Amino acid sequence: MSQVPSELRYTQDHEWARDNGDGTLTVGITDHAQEALGDLVFVEVPEPGREVAVGEACAVVESVKAASDIFSPLAGTVTEVNAALADAPERINEDPYGEGWIFKLVPADASAFAGLLDPDAYAALLDDE
Amino acid sequence: MGHRTPLFAEHQRLGARIVPFGGWDMPLHYGSQIEEHLAVRNRAGLFDVSHMRALDISGTGARDFLRRLLANDVARLREPGKALYSCMLNEAGGVLDDLIVYFRGPERYRLVVNAGTADQDLAWIETQAQGREVAIRPRTDLAMIAVQGPEARRLAAPRLPPDLREPALALAPFFGVGDEDWFVARTGYTGEDGFEILLPADQAAVLWQGLVTDGVVPCGLGARDTLRLEAGMNLYGQDMDEDTSPLEAGLDWTLAWEPAERDFIGRAALEARRAAGGPGRFVGLLLTGRGVLRAHQRVLVEGRAAGIITSGGYAPSLQRSIALARLAPGIALASGDPCEVDIRGKPTAARLVQPPFVRHGTIRIDLD
């Protein structure tokens with residue numbers, strides 16, 4: 001059974017978002033997603049400063065199997081990216097909610113975070129798959 | 001739900017991710033495809049390949065029939081047990097399947113064909129055999145396990161029936177030995193040494209469990225694909241199909257043109273195609289820029305479309321991305337020359353290389 005940490009919010013596309021409490025969110029892919037993708041071998045992160053719309057494809061993760069788009073959970077501005085993934089994409093497999101984070105963004109509307117899936121709703125979505 | 005091999009319960013017990021493949025439910029990996037891949041390069045891995053089908057072909061007309069049916073020439077098989085890789089073509093020279101044929105003795109041959117094409121292969125073969133003194137027997141009673149890697153033969157031999165152990169260890173590459181039930185061949189699809197073992201379906205689980213106990217690593221279709229790609233071996237349905245001739249798939253070496261009077265199916269079409277001049281070449285690519293090469297990406301030379309990738313991916317032994325590609329006719333790229341690949345709209349640097357990329361644990365291309 002894949003992990004669904006209680007302090008995070010989720011999307012139907014299997015991204016997670018963490019509220020850092022400083023006006024930024026950290027974004028990654030869920031444990032379920034990394035397991036379904038298999039061993040990751042390449043990650044393309046967005047440019048810091050890029051403005052993204054909600055649901056916009058802004059990163060790519062490639063596993064041994066296939067390439068998958070990562071969609072921004074919220075509209076906002078990318079402030080920081082996980083540069084370590086360039087040499088170590090496997091961090092997403094090993095620690096999807098920690099060292100495997102992908103980018104940080106400042107949301108255009110901070111209140112939109114509450115509109116993402118809560119852990120129970122995401123876990124229910126996984127049960128339906 | 002697809003067909004299940006006699007080892008399906010073993011895959012489930014080992015926590016395999018199961019995927020549909022060629023009409024079968026098969027293991028993709030058991031946790032980490034990369035670790036499985038490296039286990040085969042460094043030591044030994046085992047694969048359930050029971051979805052592939054063995055077809056026994058026998059009778060006084062068997063040899064002449066196979067010389068007509070196959071683009072390679074079974075007359076090259078003189079010693080019992082010897083194996084031959086061949087394409088089976090349609091009249092237009094397209095590849096119906098690629099297969100291995102074993103010479104088991106006078107008038108006795110065994111073909112091993114791909115899973116996804118097995119039914120249509122059988123129908124084609126039966127049609128072509130009409131009026132000939134040939135018996136065709138699909139061996140759906142057999143399972144097939146591949147044990148591959150530098151330590152594979154040493155680890156597998158003790159698990160064979162006692163009377164097969166020494167003959168199996170004495171096999172030269174591309175030979176097989178056995179009887180109607182057990183048949184062991186020193187063949188494979190990984191670029192490493194090893195065995196492919198055909199055995200009665202009801203004995204497959206015992207062999208599988210024994211090999212796992214001995215430390216041979218279970219490997220899924222994912223590792224099988226990256227291993228064969230590194231070895232520069234074609235995958236049917238991806239690198240060639242009914243609409244592709246062996247000439248465009250790097251399989252010229254499997255075509256036995258001599259003797260000239262041997263009229264194999266597809267020969268006339270291939271000769272016409274050769275005479276018409278330069279079919280596109282089949283080449284290897286090494287990605288030098290960032291990303292992963294994938295099937296269907298376009299190869300670019302000076303910004304213009306110059307070919308198409310037929311198989312691509314991440315090569316765990318190289319920690320780089322590689323591909324097999326078909327260049328358009330007249331593209332004058334040589335090994336070592338730079339080109340680009342269109343990765344999601346971004347031209348990305350790559351270089352032409354000569355497959356195989358890896359053989360017997362050794363990197364065979366220049367990575368710098």
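Biologist: Let's start with a hairpin: how many residues sit between strand 6 of chain A and strand 7 of chain A?
Modeller: Quick note before that: this is a predicted model, where local features need pLDDT of at least 70, side-chain atom pairs count only at pLDDT 80 or more, and totals for chains, interfaces and linings use all residues. Residues are numbered from 1 along each chain as its sequence is written, while chains are lettered from A and ligands numbered from 1 in the order they are written. Strands (E, at least two residues) and helices (H or I, at least four) are DSSP runs, numbered from the N terminus. The hairpin of strand 6 and strand 7 of chain A has a gap of three residues.

Biologist: How many of the seven residues of strand 6 of chain A are buried?
Modeller: Buried means 20 or more other C-beta atoms within 10 Å of a residue's own; exposed means 12 or fewer, partly exposed is in between, and C-beta atoms are placed from the backbone. Strand 6 of chain A, residues 57–63, is mostly covered, with a buried count of five.

Biologist: Over to chain B: how far apart are the centres of domain 1 and domain 2?
Modeller: Domain bounds come from an automatic or database domain assignment. In chain B that gives domain 1 (8–47 + 140–230) and domain 2 (280–368). Taken over C-alpha atoms, their centres are separated by 30 Å.

Biologist: Which helix of chain B gives the most to the side of domain 1 that touches domain 2?
Modeller: Residues are in contact if their C-beta atoms, placed from the backbone, lie within 7 Å. This contact takes eleven residues from domain 1 of chain B and twelve from domain 2 of chain B. On the domain 1 side, helix 2 (33–42) and helix 8 (221–230) each supply at least two residues. With four residues, the top contributor is helix 2 of chain B.

Biologist: How many of the ten residues of helix 8 of chain B are buried?
Modeller: Among the buried ones are L221(B), R224(B) and E230(B). Helix 8 of chain B is mostly covered, and its buried count is nine.

Terms used:
Contact = placed C-beta atoms within 7 Å. Pairing = 2+ DSSP bridges.
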